[in-house]
Amino acid sequence: MSGGWITTKLNYVIGWGRKFSLFHYPFITACCGMEYMSTACAHWDFDRFGCGLTTFSPRQADLIMVVGTISQKEAPVLKTIYDQMCEPKWVLAVGACTLSGGIYDNYAVVQGIDNIIPVDVYVPGCPPRPETFLDAIVKLQEKIQNQEQEFRWKRRK
Amino acid sequence: MEKKKITEILKEKFPEEIKEISALLGDETVIIEREFLQDLCVYLMKTPHSFTMLLDLTCVDYIRDEMRFEMVYHLFSLASNDRLRIKIRLSEKDLRIDSLTPLWKNANWLEREVYDMFGVHFEGHPYLVRLFMYDGFEGHPLRKDYPLRKRQPIIPMRRKE
Amino acid sequence: MTYRIQKEASKESMLINMGPSHPAMHGTIRIMLELDGEKVLNAELEVGYLHRGFEKTCEHKTYFNLLPYTDRLNYVSPLINNLGYVMTMEKMLGIQAPERAQFIRVIMSELSRISDHLTALAAMTMECGAFTAFLYYIQAREEIWNVIEQTTGARMTTSYIRIGGVRADLHPEINPLLGKAINSARALLKDCHGLLDKNKIWLNRTRDVAVVSPEMAVNYGFTGPCLRASGVSYDVRKAHPYCTYDQVRFEIPLGDNGDNFDRYMVRMKEMEQSLRIIEQARKKVPVSPPAVIADVFEPAEAIKASREKKVEAKIKLSPNLEGSEKDIYPRILTKGKKYIVPPKEDTYTSIEGLINHFKFFMKGHGIRPPKGDVYFSVEGGSGEVGYYIVSDGTDKPYRLHLRGPCFHIVAALEEMIRGHYIADIIPTFGGLNMIGGELDR
């Protein structure tokens, strides 16, 4: 069916465009931030993956990288920032503390940010090496390419 | 002539107020009552001792003792390179002590932290509110009877733990 | 909840929030400002967004188990926090590490300190707009982290310094990498001095901004580079020397004014002094390549052979345990059996070794210091890192308190930015080197 072929190709092209031009918002709190800095700088650059523009306004971002421990006090802040982002948006949970609370199982730490916001790619490590971080970005790009792209004129069933 | 230890000098000058002195592992410690804290600190800040820096201020919870909380102050003198520890016991029913904010400015935040974590009231503190925990948190986390894993989330969690 | 600044603000001024998630906030801290145009009339800080319950968690872990938690306090110089904790425990237990281990500790500590200053200045300069300096600093930091990784196994959170010594000896091929790191650090310092020292923009932004007088600094309990920038000469390494710092020669740079430029300059000069210390300590720790031995047992064969009689020959350990073989133990760890992890060759091939291993790790056994309390401090990247440990004779600490240097320095921020402009907050805050892990614990 030609209609099906066109929408598939359009899906592919839009996915290709989206995955190679990610504007990310680094929500940095703790130690993993140091590995984020290493990944962003000259040696293990992630600009070559298209992810280079660091925007500090969530309204202009499509990817939020949650880097570091999220405490109970910080949880409403994270939710507010996630809500301020426009669709389509993706979430990268970096570091053991964002996956499950990490080594901190106590009164002050949220045991995994998927208690607060939906997560697309989980990056394990304490802190994850820059190579792991880059691998996660590549996996996220595969996910973006293969997902059903949402665009305005598509009829919602 | 060997330099006299600060604890011995203090014991000679204030024999009744200083309950006990010790120098375990090289750390010179004096144990006093809470009413004497302000006078002792004012005396120590002046020359020749000049303990001008308040290094640390914390609290320990001895839950099985009658006088449950022990305030620990660490003072430091840049001139003579001496450290001094002051310990004061407080009971749970009367958990108040004088604030040291008029003397040292970092006592402001240190005392807020102790209030947040243990619940000790500092009289004369200009702004005694919680420092680390959020508004709406009930209880004082570092006390021994607060369970380690008792979480009080502000926003509802999406899944059960 | 109404904050103090909301109650005290006048009707004409504007209240604005530099919220917890902000590019210049080095982690998460919230500054509420009362502004008149761009001038800051009043400020209030809210901290605690990274409070991870370190002190309470440590009361539920054994002394050996809580070592990884100390790494994550000041996460830009983790080896120094390790060292502080371990030296406090050694003071309490009354043991001392062998001399070679102490020199290795000094080298690792100084490498950590250089990486701390590099990160602090990288962030400070980047936020003022000098992006090139940021890339140069981080590149030099990568070289240093390569050296640390070769010996300890991890780039950042290493848990390398153990009670009684260090975990493993220096890697036999450390010399070329360490030489490269020292050279690249020196080249970087030369470049950044050239880029920033006489740069008109940098001078305008940092000279005479947020001046801290020596009396104010001492009254606030400042220690470390911020105190030395105000002119007070106090360094824990010189005042209460620990761990062979009295055998190396170095100077303490001081500042004149106490403004942001002095804080930047003191850190740059301290890095040069740290490089001097590393070069001196390096001569005392000669590394030799491992001798190739003819008969080396594989682990499975060794366990089988030990059932008949005790195995004397060398056993080939897994690559994870490189540098901690049994014959290296006397050089890097103290002799007391109760305080160190027994060598793996003994654990797997003899009953006594196995029993020692269990007795170290079992709950209720292991390191049990005598009752009492102790305070010890080391010189961290931001100042005096002190640990106050209360022990009740069991295998877990009764109370562990960290004296974080950033806490006292950031407490002064409200007073430091009053009267300046919003743009001055950025280099001021960067120059203080606030680390969230240490501030909020």
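How many residues does the contact take from chain C and from chain B? The contact takes 46 residues from chain C and 42 residues from chain B. The structure described here is a predicted model.

## Interface of chain C and chain B

The size of an interface is often given as the accessible area lost when the parts come together. Between chain C and chain B the buried area is about 4100 Å², and carbon and sulfur atoms give 59% of that area. On the side of chain C, C:Lys56, C:Asn219 and C:Tyr398 supply 16% of the area buried against chain B, more than any other three residues.

The rule finds 27 residue pairs in polar contact between chain C and chain B, with both residues at pLDDT 80 or more. Six salt bridges are found across the interface as well. In one salt bridge the side chain of B:Lys144 meets that of C:Glu59, at 3.0 Å from N to O. The residues with which chain C touches chain B comprise 21 nonpolar, 11 polar and 14 charged.

## Interface of chain C and chain A

Chain C also touches chain A, with 31 residues of chain C in contact with 31 residues of chain A. Together, chain C and chain A bury about 2800 Å², and 61% of this area lies on carbon and sulfur atoms.

Three salt bridges are found across the interface of chain C and chain A. A salt bridge joins C:Glu46 to A:Lys73, with their closest N and O atoms 3.3 Å apart. The count of residue pairs in polar contact between chain C and chain A is 18, both residues being at pLDDT 80 or more. Which elements give two or more residues to the side of chain C that touches chain A? They are helix H2 (54–58) and helix H6 (131–152) of chain C. H6(C) provides the largest share of this side, eight residues. By residue class, the side of chain C that touches chain A divides into 13 nonpolar, 10 polar and eight charged.

## Helix packing in chain A

Two packed helices are described by the angle between their axes and the distance between the axes. In chain A, the axes of helix H2 (residues 32–40) and helix H5 (residues 130–146) come within 9 Å and cross at roughly 75°. With angles of 65 to 115 degrees counted as roughly perpendicular, H2(A) and H5(A) are therefore roughly perpendicular to each other.

H2(A) contributes A:Glu35, A:Tyr36, A:Ser38 and A:Thr39 to the contact, while H5(A) contributes A:Pro130, A:Phe133 and A:Leu134. The residues of this contact divide into four nonpolar, two polar and one charged.

## Architecture of chain B

Chain B has three helices and seven strands. From the N terminus on, its elements follow the order α-β-β-α-β-β-β-β-α-β. The C-alpha atoms of chain B fill a box of roughly 70 × 30 × 25 Å along the principal axes.

## Salt bridges

Side chains of opposite charge can pair when their charged atoms come close. Over all chains, the structure holds 47 salt bridges. Within chain B, B:Asp94 forms a salt bridge with B:Arg34, their closest N and O atoms being 2.3 Å apart. B:Asp94 lies in the loop between strand S5 (82–90) and strand S6 (96–98) of chain B, and B:Arg34 lies in the loop between strand S2 (29–32) and helix H2 (37–45) of chain B, so the pair ties together parts that are 60 residues apart in sequence.

Key:
Residues numbered from 1 in each chain as written. Chains lettered and ligands numbered in written order. Heavy atoms only, no water. Contact = heavy atoms within 4.5 Å. Buried area = accessible area lost by both parts, 1.4 Å probe. Salt bridge = Lys/Arg side-chain N within 4 Å of Asp/Glu carboxyl O. Polar contact = N/O pair within 3.5 Å; in protein donor to acceptor, adjacent residues only side chain to side chain. Nonpolar A, V, L, I, M, F, W, Y, C, P; charged D, E, K, R; others polar. Axes fitted to C-alpha atoms, helices over the stretch in contact; angles between N-to-C directions. Helix = DSSP H or I, 4+ residues; strand = E, 2+ residues; numbered from the N terminus. Parallel < 35°, antiparallel > 145°, perpendicular 65-115°, else oblique.
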